[in-house]
Amino acid sequence: MPSLNLVEAINLALREELARDPDVLLLGEDVGLEGGVFRVTEGLQQAFGAGRIIDTPLAESGIVGVALGLALLGLRPVAEIQFMGFLPPALDQIISHVGRYRHRSRGVYSAPLVIRLPYGGGIHAPEHHSESIEAMLVHTPGIKVVVPSSPADACGLLKSAIRDPDPVLFLEPKRIYRAVREEVAEGMEPIPLGRARQVRSGRDLTVIAWGAMVREAQKAAETLAAEGVETEIIDLRTLSPLDTGAILASVRRTGRCLVVHEAARTAGLGAEISALVMEGALLQLKSPVARITGFDTVMPLPRGEHFYLPDAGRIVRAAREIMSF
C-alpha cells in the first residue's frame with residue numbers, strides 16, 4: 001500500500017474517478033499541461049487528454065459557470081480555483097446559481113459538480129492566497145462543504161464528492177499538502193460525506209477541529225496527556241452538513257468543548273457549534289464552550305501569519321483554562 005501525501009492522494013482519487021467514469025472531467029487554470037499550481041493534477045492531461053483535463057483562462061466566475069453548465073448537461077466536472085482568495089468573483093455563480101438548481105427546477109435538475117479550493121495559511125503566501133472563508137460557504141444553502149485533514153480522507157472524501165448528485169465545495173488545507181504521509185489503498189472505497197471522525201478518544205475534553213487544525217489539536221493533546229488531561233478530538237470532515245450527532249455525543253461524554261478554526265472569530269463556524277452544544281448538551285457541560293480562532297482582520301502577510309494562525313500552544317493554554325474552570 002503506497003504512502004502518500006495529501007497532494008498525491010487527491011491526484012490518486014482524481015485519476016481513479018476519471019478512469020471509472022467517462023463523464024468526469026477537470027477544468028481550471030493550469031490544471032492540464034502544468035498539472036496545477038500545487039501539481040495536484042500532474043500527469044492527468046497526459047493520461048486522459050486535453051478534452052477531459054481542460055486549461056481555462058484566468059476567470060474564476062467563468063470556470064464555475066462553465067462547470068455548472070457541464071453538470072446540467074449530465075457531466076461531472078471538477079473545477080479547480082487556485083486559491084480560496086480568488087473565489088469571490090465566482091461567489092455570484094455559487095450563491096445565485098450552483099446552490100439553487102435543484103430547488104429552482106423543483107428537482108428536475110441537479111448540479112453534480114465539485115469545486116476544489118486550496119485554502120488557509122501557513123505557507124507564507126502573498127495577499128489573497130491564505131483566506132479561510134468556510135463559514136461564508138457553509139451559510140450558503142444547496143451546497144456541501146468538505147474539508148479533509150489526512151491523505152486517506154482526502155482520497156475517500158473526494159471520491160464521494162465527485163459521485164454526489166449535488167454540488168460540493170472541496171476545501172484542501174494547503175498547509176498540510178506535503179506535511180504528512182499516510183498509507184492510501186489504490187481503489188479505496190469512498191468515505192461518506194456528512195460523518196465526522198474521532199481522531200483520538202478521551203474523557204476530559206472534546207476538541208472539535210477540521211483541516212490543518214486537526215494536526216495542531218493532535219500536538220496539543222500529546223502535551224495535555226502528559227499533564228493528565230485526556231483529550232478527545234473530533235475531525236468534522238464535512239462542514240455542511242454538520243455531523244451534529246457526533247459533536248453532541250462527544251461533548252456529552254467529556255462535559256467540555258473547545259472549537260478550533262483558523263478562520264476569523266466573529267460569526268465563524270465555532271460560534272455555530274457553540275450554540276449547537278448549548279442547545280443540545282447544556283446540562284452535561286462542566287465549563288463554557290471555548291473557541292480558539294483566527295482574528296477579525298485581513299489575513300496577515302507572510303511575516304505576520306504566525307501571529308494569526310492558531311497553534312498547539314494556544315490550544316493547550318485554552319484547555320488548561322477550561323479544565324480549571
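**The interface between the domains**

Tutor: A search of this predicted model finds 18 salt bridges in the whole structure, and across the interface of domain 1 and domain 2 the rule finds three salt bridges. Side chains of opposite charge can pair when their charged atoms come close. Between domain 1 and domain 2 the count of residue pairs in polar contact, with both residues at pLDDT 80 or more, is 11. On the side of domain 1 that touches domain 2, the elements that give two or more residues are helix H6 (134-138), strand E6 (144-146) and helix H7 (151-163). The residues of that side of domain 1 comprise 15 nonpolar, eight polar and five charged ones.

The bounds of the two parts come from the domain assignment of the chain, which gives residues 3-183 as domain 1 and residues 197-324 as domain 2. To their contact domain 1 brings 28 residues, while domain 2 brings 25 residues. The area buried between domain 1 and domain 2 is about 2100 Å², and carbon and sulfur atoms give 56% of that area. Taken over C-alpha atoms, the centres of domain 1 and domain 2 are separated by 26 Å.

Along its principal axes, the C-alpha trace of the chain spans about 60 × 40 × 40 Å.

A few local details complete the account. The side chains of Glu-17 and Arg-20 meet in a salt bridge, at 2.8 Å from N to O, and these residues, Glu-17 and Arg-20, are separated by about one helical turn because they are three residues apart in helix H1 (residues 6-20). Two features of the backbone also deserve a look. The peptide bond from Ser-240 to Pro-241 is cis, with omega near 5 degrees, and Pro-241 has its place in the loop between strand E12 (238-240) and helix H9 (244-254). Arg-106, although it is not a glycine, has a positive phi of about 55 degrees, and Arg-106 lies in the loop between helix H5 (101-104) and strand E5 (114-119).

Conventions:
Residues numbered from 1 in each chain as written. Predicted model: local features only at pLDDT ≥ 70, side-chain atom pairs only at ≥ 80, totals over all residues. Heavy atoms only, no water. Domains from an automatic or database assignment. Contact = heavy atoms within 4.5 Å. Buried area = accessible area lost by both parts, 1.4 Å probe. Salt bridge = Lys/Arg side-chain N within 4 Å of Asp/Glu carboxyl O. Polar contact = N/O pair within 3.5 Å; in protein donor to acceptor, adjacent residues only side chain to side chain. Helix = DSSP H or I, 4+ residues; strand = E, 2+ residues; numbered from the N terminus. Nonpolar A, V, L, I, M, F, W, Y, C, P; charged D, E, K, R; others polar.
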